[in-house]
Amino acid sequence: SNPFEVKVNRQKFNILGRKTKNDVGLPGVSRSKAIKYPNVAERITLLKEYKEREKTNVFKDRRFGEYNTKISPEEKMIRRFTLERQQNYGKKNIYNLNEDEELTHYGQSLAEIEKLNDIVDSDSDTEERGTLSAELTATHFGGGGGLLRKKASSEQRDEEEEKPKSRKELIEEMIAKSKQEKQERQSQRESALELTEKLDNDWKEIQTLIARKAPKSERKDKEVEKPKPDDYDMIVRELGFEMKAKPSERMKTEEELAKEEQARLQKLEADRLRRMHGIDEQATKKKPSHVSADDLADGFILDKDDRLLLSYKDGKMNIENEEEGEKEEEEGEEDNENEEESEEESANEDEDSAADSHSDLESDLESEEEVADNKEQKKCKTNENKSQSVEELDPKMEAAKSELPYTFAVPESYETFKSLLAGRTIEQQLTVLERIQKCNHPSLAAGNKAKLEKLFGFLLEYIGELATLDLPELRTIDKLVLPLYNLCQMFPEAASDSIKFILRDAAHDMEEVIEVKGRAPFPGLDTLIYLKIISLLFPTSDFWHPVVTPAFIYMSQLLTKCRITTLQDVIKGLFVCCLFLEYVSLSRRFVPELINFLLGVLHISLPKKQAQGYTVVHPFTPVGKNLELLLVSDKKDLDSWQKQNLPLSIVTRLNETSTTEMNHIRLSCLALCFDLIKKCAVLYESLPSFHEIMHPVRTLLTQHVPVKEYPAQLQEWYHSALKELESKVKHYAPLICEKKKPVPLKQYTPKIVKVLEFGRKQGGSKQEQERKQLIQKHKRELKGAIREIRKDNQFLARAQLSEIMERDSARKRKVKELLGSLATQEGEWKAMKRKKGKN
């Protein structure tokens, strides 16, 4: 539409707060319609588009890239050509299989260009030199009479000029022109070279005149003494001669290292098996193959000079040197199966060769007799050497048998694993486990990962079995933790699953015993060792861990649900307390079960008279037969006690100890309790409620514990723990509810309260206001767009309905016309029938 024909109704004045909708319309729209229907112009264009939706009388330029300025004309042509070929492909002559596509180059057919294959480049070296023209051959080789035919040839030329030239003539002309151009270029090049040489000579003559050398006297004056090199210059020169850094070998990957280690162990195992079977290294070496007469001995290397000097003694050939050489060869070939046969053959060959080479001597018969004697001596010596070699190899074979194998397969069951380690020392067991891991690395084979994961479970079970012995092998268990840690680092998921399975079984067993008996005993030594191993294999400072968290919960249940009935239970409980402090050493997590158990240990060390005035929490009882479990009343035992560490293996030997030793163990448990209280005070000093937590422990130590009856060394432990508790400054005051509400101070500054009015938009920051405005604008535009779409749909629906009604009315009108014509025809036919009846 022409913008000058668009009608716009503008307002004279802009009124604030009023939404203006200017009337815009095309010519031909009345003002009343435009006012009544503001978007009448849009409706008219929409109706026009609706009516012309199926018409194709509009020309549209659909050439590719016609209105795209970013594409060059060449790209447009190439793209159009490809589109044209794609459209025509497969449509024309799809049944004509013999049709070949004609290829062109710059508008010329390639089929025609191929006929000029004989064209030779003027610059190419393959040009035929010395070709003669037709005229020259006719004059010189035509048998004479060439001069007589010149006139006739001149007359023929005019006729030939009028005739079109053939392909052969065109090619000859092209060759002649190229030769002429090449000759001209050659002549130009020669002339240019001559000129440059001439100029060079002239310049040399002029240069001698221009150049002037200064006399020697002037040169000496001008020469300046060279400065001596400075220290810095010396260092710079030295750096220039220094060796440059060379790239080192790249670091090998884990797979490459595993393959190298496996190959090394396999080689060592092969050497061990060879030594065990008594096979010598020299016997395993390959013998030289048969050398033919035509062999040039290119790869021959002379290691040592084995040649023998020919000598004679008393008219006879001296063969002592030969015998010594043969002895050495026999000693090197002791273990071969066909040794005797090879020696006999070599001896026979030597005899034959000696006889052939010295057939002209007089002492042939004597030499043969000597050779036969030597042969018998050799056989005796070889038998002696064999017996000596067997005696020498026997200790080597025994040593190889007693040596550990270098390669092991991963055991499939626990019995085979146990048989591998049975009867071996700790170092040998560690070596066996290390070689199993190296020979069966996960990167070497597909199924090694699952096998080594089973090995972790077998090792855990083996450690548990060592802990349950009458005399637990704790040193062996301590050494076996290292391969266990390596396997855990390789397969963390499998390791966590197997340890969680052990913890789950232990927790279920404890729950079953509690359901039946109402109380549960402390677990065995194997479970306690597993809890210790968990702290070595997994991080204990995490907020939540799939293995450590269940172990943490299980240990807290041990300290709260297991009753203290014997001295073994006290030792196990103190061991769990030590594990708790080890677990929370980094995270400083508060463990109330730990403090409660230490309170209980102090409680069972008091006499019945002093064990009053405080509360005791389960599993300890204020009254009972186990109240004085750690009480020592014998003064001799008190005086003879010395501080000693409590090994974990002492749990299995308490039944066999004497009363004095039992009292010493009780005092050691009490000293350990004081030490743990001191460590707890250091660990939890930063807690806000530290004094409230440790208040029961402090009161028990200060008011109830009989310190004066303890030995001097135990009193030192007691005072150090108490000093650690009392030296902590009270950082935080406990929260206490006040009795009265505090009276507020008088304030003279007015208190401004923002009153929210309903219906008004509350102010905020500039960004919030802009955001709200954008949201409102978006809502308004969305509603307007929805409204316009609805109006357009309603307008199109009305247009479609009017078309349908017009079509129906036209059809009804035609039907009425047809029925009327039929009625008239029927009336006329009846009238004619009546007339015929009357006639």
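Student: Is arginine 80 buried, partly exposed or exposed?
Tutor: Arginine 80 counts as partly exposed, because its relative accessibility is 23%. Buried means under 20% relative accessible area, exposed means over 50%, and partly exposed lies in between (1.4 Å probe, protein chains only). Before we go on, this is a predicted model, where local features need pLDDT of at least 70, side-chain atom pairs count only at pLDDT 80 or more, and totals for chains, interfaces and linings use all residues. Residues are numbered from 1 along each chain as its sequence is written, and side-chain values use heavy atoms, with hydrogens and water left out.

Student: Thanks. Which side chain meets arginine 80 in a salt bridge?
Tutor: That is glutamate 66, at 2.9 Å, N to O. The pair links distant parts of the chain, 14 residues apart: glutamate 66 sits in the loop between helix H2 (40–51) and helix H3 (73–88), and arginine 80 in helix H3. Glutamate 66 is partly exposed, at 29% relative accessibility. The term salt bridge here asks for a side-chain nitrogen of Lys or Arg within 4 Å of a carboxyl oxygen of Asp or Glu.

Student: How many salt bridges does that rule give?
Tutor: The count comes to 14 salt bridges. Among them, glutamate 256 pairs with arginine 250, with the closest N and O atoms 2.7 Å apart. Glutamate 260 pairs with lysine 252, and there the closest N and O atoms are 2.3 Å apart.

Student: And how exposed are glutamate 256 and arginine 250?
Tutor: Glutamate 256 is partly exposed at 27%, whereas arginine 250 is exposed at 56% relative accessibility. For the other pair, glutamate 260 is partly exposed at 39%, and lysine 252 is partly exposed at 40%.

Student: Which residues are linked in a network of salt bridges?
Tutor: Glu261, Arg264, Glu434 and Lys438 are linked that way.

Student: Switching to the surface: which residues form the positive patch?
Tutor: Lys19, Lys777, Lys779, Arg780, Lys783, Arg787 and Lys791 form a positive surface patch. Patches take residues with over 30% relative accessible area and no salt bridge, joining like charges within 9 Å and nonpolar side chains (Val, Leu, Ile, Met, Phe, Trp, Tyr) within 5 Å. Arginine 787 lies in helix H28 (residues 766–838) and is partly exposed, with a relative accessible area of 42%. Helices are DSSP runs (H or I, at least four residues) numbered from the N terminus.

Student: Where is the negative charge gathered?
Tutor: A negative patch on the surface holds Glu190, Glu194, Glu197, Asp200, Asp202 and Glu205. Glutamate 194 lies in helix H7 and is exposed, with a relative accessible area of 56%.

Student: What about a nonpolar patch?
Tutor: Trp203, Ile206, Leu209 and Ile210 make one, with about 490 Å² of accessible area together. Isoleucine 206 is in helix H7 (residues 167–210) and is partly exposed at 42% relative accessibility.

Student: Now helix H20. How many of its residues are buried?
Tutor: In H20, 10 of its 13 residues are buried, so the helix is mostly covered. They are Leu525, Thr527, Leu528, Ile529, Tyr530, Leu531, Ile533, Ile534, Ser535 and Leu537.

Student: What span should H20 have, and how far apart are its ends?
Tutor: At 1.5 Å a residue, the 13 residues of H20 (residues 525–537) should span 18 Å, and the end C-alpha atoms are 18 Å apart, which agrees. The expected span is 1.5 Å times one less than the number of residues.

Student: Last topic, the backbone. Where is the cis peptide bond?
Tutor: It joins histidine 618 and proline 619, with omega about 15 degrees. Proline 619 is in the loop between helix H23 (592–603) and helix H24 (635–640).

Student: And what is phi of arginine 588?
Tutor: Phi of arginine 588 is near 55 degrees, a positive value in a residue other than glycine. Most residues other than glycine have a negative phi, and most peptide bonds are trans. Arginine 588 lies in the loop between helix H22 (567–583) and H23, and is partly exposed at 43%.

Terms used
Accessible areas come from the Shrake-Rupley method with a 1.4 Å probe; for residues, only the protein chains shown count as cover. Lys and Arg count as positive and Asp and Glu as negative; His and the chain ends are not counted. The place of a charge is taken as NZ of Lys, CZ of Arg, CG of Asp or CD of Glu. Helices (H or I, at least four residues) and strands (E, at least two) are DSSP runs, numbered from the N terminus.
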